[in-house]
Amino acid sequence: MTDLTELQAALLGRIEAAQDIAALEAVRVEALGKSGSISEMLKGLGKMSPDERREQGPKINGLRDAVATAIAEKKAALETAELDRKLAAERVDLSLPPAPERRGRVHPTMQVLDEMIAVFADMGFGLAEGPDIEDDFHNFTALNFPPKHPAREMHDTFWLPENEAGERKLLRTHTSPVQVRTMRTSNEKLPAWIANGQAPPIRVIVPGRVYRSDSDATHTPMFHQLEGLVIDRDIHMGHLKWTLETFTRRFFEADGVVTRFRPHHFPFTEPSCEMDVQCDRSGGSVKIGQGADWLEILGGGMVHPNVLRNCGLDPDEWQGFAFGLGVDRLGMLKYGMPDLRDMFAGDVRWLEHYGFSAFQAPNSSTGLS
Ligand code: DAH
């Protein structure tokens with residue numbers, strides 16, 4: 001029958017020409033779908049006489065098989081071609097250089113703080129913390145500041161608006177109030193981590209943020225201090241001197257660095273001192289541990305008997321020393337950063353330059369290598 005032969009040739013031609021799976025599927029539906037041309041012919045077999053059916057049956061079935069086989073083969077070929085195309089287009093070229101990866105850096109303040117904590121932890125100091133929002137009592141009064149002391153004035157201290165109780169809180173101007181919180185063991189209705197109350201002997205350092213209304217190349221309204229407090233029996237200035245000298249040598253990694261202690265005044269220590277380190281300013285920058293110049297790096301002294309009394313300790317029984325230093329400032333000195341304000345400007349390029357890798361060699365407490 002010519003029309004069957006023609007139909008087969010036409011269908012096979014269209015199958016062969018199909019460019020994609022969708023075109024192929026259209027041919028399949030047209031021929032073999034529910035009302036497709038071949039399906040209709042198969043349905044027609046039932047109405048034929050037995051003789052006709054015997055003759056037409058094998059032909060129509062042969063046509064159906066030929067078309068179904070051709071579709072299956074074409075489908076497989078199209079799928080293989082599609083896979084080859086994807087493999088060629090999506091091939092990974094392992095010889096290409098990797099895309100640059102932006103890595104986070106450790107902020108110098110945090111690096112320096114970790115280094116300081118490591119040095120003091122080695123000497124047996126524990127850590128204490130206190131709140132950034134303080135009250136006048138802990139920040140000033142308990143620390144023996146006279147009522148009219150200039151540090152209480154507006155231009156130094158950030159005062160908060162008066163609260164319902166008529167009290168004005170403040171942003172702590174130094175970490176020294178945590179001395180008070182640490183020594184006062186009783187009646188602090190504060191969470192334990194803030195109150196830090198403990199009985200002597202006490203040996204703690206207190207790292208933290210402090211705030212003063214000040215801004216220039218060496219001052220920012222927020223900066224970091226590290227306070228130290230040691231309370232025990234028979235503590236004297238010699239202990240203070242050894243502790244601070246040892247700290248300085250380890251922190252600056254200069255065993256021979258020379259320090260000098262000058263008399264000074266702080267309300268909360270008696271006697272009070274400032275410590276200078278030997279340095280060289282001749283080359284335009286400051287080099288610690290060499291040269292004939294001096295640079296003040298911290299304040300300290302013996303805890304004033306009034307402070308001990310304000311904290312419920314008997315000065316005839318307990319003595320101690322305290323000190324305070326500027327974390328960011330010592331970081332600038334150690335790592336040669338010229339302007340303190342850059343430390344908190346949040347410029348990522350600055351951080352990439354001055355920041356530290358988060359991955360350090362084990363046992364290394366310092367960023368110097
Ligand atoms: N609190 C002082 C300041 O902010 C620093 C200081 C000096 C702390 C002497 C001390 C100390 O504990 O004994 O300038």
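A pocket here is an open set of grid points, on a 1 Å grid over the protein atoms alone, with protein on both sides within 12 Å along at least five of seven lines. With that in hand, here's a quick tour of this predicted model. The second largest pocket holds about 170 Å³ of space, and a search of the whole structure turns up 12 aromatic pairs.

**An aromatic pair**
- A pair of aromatic rings is described by how far apart the centres are and by the angle of the planes.
- Take Phe120 and Phe323: their ring centres sit 5.5 Å apart with the planes at 25 degrees, so the pair counts as stacked, given that the cut-off for stacking is under 30 degrees.
- Phe120 belongs to helix α5 (residues 108–122) and Phe323 to strand β10 (residues 319–326), so this pair ties together parts that are 203 residues apart in sequence.

**Helix α2 and its partners**
- Two packed helices are described by the angle between their axes and the distance between those axes.
- Helix α2 (residues 21–32) packs on helix α4 (residues 50–89) at an angle of about 170 degrees, their axes being 10 Å apart.
- That angle makes α2 roughly antiparallel to α4, since anything over 145 degrees counts that way.
- On the α2 side, the contact with α4 uses Ile21, Leu24, Arg28, Ala31 and Leu32; they meet α4 residues including Arg64, Val67, Ile71 and Leu78.
- The α2–α4 contact has eight nonpolar and five charged residues, and no polar ones.
- With helix α3 (residues 37–44), α2 packs at about 15 degrees, and the axes are 3 Å apart.
- α2 and α3 are therefore roughly parallel to each other.
- Here Glu30, Ala31 and Leu32 of α2 meet Ser37, Ile38 and Ser39 of α3, a contact made of three nonpolar, two polar and one charged residue.

**Backbone details**
- Most residues other than glycine have a negative phi, and most peptide bonds are trans.
- The peptide bond from Glu270 to Pro271 is cis, with omega near -5 degrees, and Pro271 lies in strand β7 (residues 269–280).
- Asp234 has a positive phi, near 60 degrees, though it isn't a glycine; look for Asp234 in the loop between β5 and α9.

Note on methods. Residues are numbered from 1 along each chain as its sequence is written. This is a predicted model: local features need pLDDT of at least 70, side-chain atom pairs count only at pLDDT 80 or more; totals for chains, interfaces and linings use all residues. Side-chain values use heavy atoms; hydrogens and water are left out. Axes are lines fitted to C-alpha atoms, for helices over the stretch in contact, and angles run from 0 to 180 degrees between N-to-C directions. Helices (H or I, at least four residues) and strands (E, at least two) are DSSP runs, numbered from the N terminus. Angles under 35 degrees count as roughly parallel, over 145 as roughly antiparallel, 65 to 115 as roughly perpendicular and the rest as oblique. Contact means heavy atoms within 4.5 Å. Ala, Val, Leu, Ile, Met, Phe, Trp, Tyr, Cys and Pro count as nonpolar, Asp, Glu, Lys and Arg as charged, and the others, Gly among them, as polar. On a 1 Å grid over the protein atoms alone, a cavity is a set of points where a 1.4 Å probe fits but cannot get out, and a pocket is an open set with protein on both sides within 12 Å along at least five of seven lines; lining residues have an atom within 4 Å of a point. Grid points are joined across faces, edges and corners, and a volume is the space filled by probe spheres set on the points. Rings of Phe, Tyr and Trp (its six-membered ring) pair if their centres lie within 6.5 Å; planes under 30 degrees apart count as stacked, over 60 as edge-to-face and the rest as tilted.
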